[in-house]
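Subject: Structure handover and notes

Dear colleague,

Please find below the structure that I promised to pass on to you. My notes on it follow directly after.

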Amino acid sequence: MKKLGFLSFGHWTPSPHSGTRSASDALLQSIDLAVAAEELGMDGAYFRVHHFARQLASPFPLLSAIGARTERIEIGTGVIDMRYENPPYMVEDAGAADLISGGRLQLGISRGSPEQVIDGWRHFGMEPGEKETDQDMARKSTEAFLRLLSGNGFAKPHPRPMFPNPPGLLRLEPHSEGLRERIWWGSASNATAVWAAEMGMNLQSSTLKWDETGEPFHVQQARQIRAYREAWKEAGHAREPRVSVSRSIFALMDDRDRHYFGAEGSRAKDETGVIDETTAIFGRSYAAEPDRLVDLLKADEAIAEADTLLLTVPNQLGVDYNVHVLQSLLEHVAPGMGWR
């Protein structure tokens, strides 16, 4: 394991039992947690994107704010739903956020997840073409996004421009060199992992996957990662790809931890469900005392295959408690996993 980051869904609810009661709380606490994570020495701060939900939704203002407040930590998403995105506008937003952060953006994108509303992307003005599915639309948007990120000129300049132009066709600005190599695809199947490799994207594999073999989740996910790496090699890309997996991991250090997550250890097993009429397998949570936790994590084949581990955080328990969760893992678990 080379890099260790956190992944926040940015949930908020007006419940008096929540430490994150408004969208403002979710955004500002996300910034504070990223700053604290950098101070702890973590490698990455990643955020989920969900539309029509009491969660984080508009990533680029948040990523830009974190980029301006931090100096070293990677800043990313896991994932942006490409069914909703206008590729040219997204290229401009991403370029600006990456430049503000000094080239630390790690953008996870994907077809997206089950929605809060029916065909929510239609409300954003997005429509699949004739005989296209929403998955097809997401891939087409992704291909356009990647093409535009290359920085090649494609637009014919006006003969009487308002401002002087450089020679040749024009590209979108601001352009951030190197961002194209820091795009990740969130994959739930072996086939889409292979497609991501062919497209030259890094791989994000989450806490769920289509159940393709009936094997334990971490075994299936490890197979997916190996298929991705083989496809990357066959595609002939020059650079080494990156692969992340996400896990819910809690070191039981005190009574608070045992109160919140002690029961997770007793029911720690994979679960299955149906998403979009497809059977999905969901990975287990890990909660135990540090020594036991190291042993459990070393037996996770997918963690062993990945180079980056993203720790899902219970953001509604507040920044201070989440800093405690991350610090406990960094000090008492991560060294046993080979981090640093």
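Is D119 buried or exposed, or does it lie in between? D119 is partly exposed, with a relative accessible area of 31%, where buried means under 20% relative accessible area, exposed means over 50% and partly exposed is in between, for a 1.4 Å probe and protein chains only.

Before the rest, some conventions: this is a predicted model, in which local features need pLDDT of at least 70 and side-chain atom pairs count only at pLDDT 80 or more, while totals for chains, interfaces and linings use all residues. Residues are numbered from 1 along each chain as its sequence is written, and side-chain values use heavy atoms, with hydrogens and water left out.

Backbone geometry

D119 has a phi near 45°, a positive value in a residue other than glycine, and is found in the loop between β5 (105-110) and α4. Helices (H or I, at least four residues) and strands (E, at least two) are DSSP runs, numbered from the N terminus. F52 also has a positive phi, of about 60°, although it is not a glycine; its place is in the loop between β2 and α2, and F52 is partly exposed, with a relative accessible area of 42%.

Two cis peptide bonds deserve a mention. One joins G78 and V79, with omega about 10°, and V79 has its place in the loop between β3 and β4 (80-81). Another joins E173 and P174, with omega about 0°, and P174 sits in the loop between α4 (134-149) and β6 (183-187).

Helices α2 and α3

Helix α2 (residues 59-69) and helix α3 (residues 87-101) pack at an angle of about 15°, with their axes 7 Å apart; axes are lines fitted to C-alpha atoms, for helices over the stretch in contact, and angles run from 0 to 180 degrees between N-to-C directions. That angle makes α2 roughly parallel to α3, a term for angles under 35 degrees. From α2, the residues F60, S64, G67 and A68 meet M90, D93, A94, A97, I100 and S101 of α3, contact meaning heavy atoms within 4.5 Å. By class, this contact of α2 with α3 has 6 nonpolar, 3 polar and 1 charged residues, with Ala, Val, Leu, Ile, Met, Phe, Trp, Tyr, Cys and Pro counted as nonpolar, Asp, Glu, Lys and Arg as charged, and the others, Gly among them, as polar.

Strands

Strand β2 (residues 44-47) and β3 run parallel and are joined by 4 bridges, and the bridge partner of A45 in β3 is I75. Within strand β3 (residues 74-77), E74 and G76 point one way and I75 and T77 the other way, and all are buried.

Elsewhere, 3 strands form an open sheet in the order β8-β12-β11, with antiparallel pairing; two strands pair if DSSP finds at least two bridges between them. The edge strands, each pairing on one side only, are β8 (208-210) and β11 (271-275), and neighbouring strands of this sheet are turned by 35° against each other on average, direction ignored. β11 pairs with strand β12 (residues 278-282) in the antiparallel sense over 5 bridges, and T272 has I281 in β12 as its bridge partner. Helix α6 (residues 217-235) packs on the sheet, touching β8 and β12, and its direction makes about 70° with that of β8.

Technical notes:
Parallel < 35°, antiparallel > 145°, perpendicular 65-115°, else oblique.
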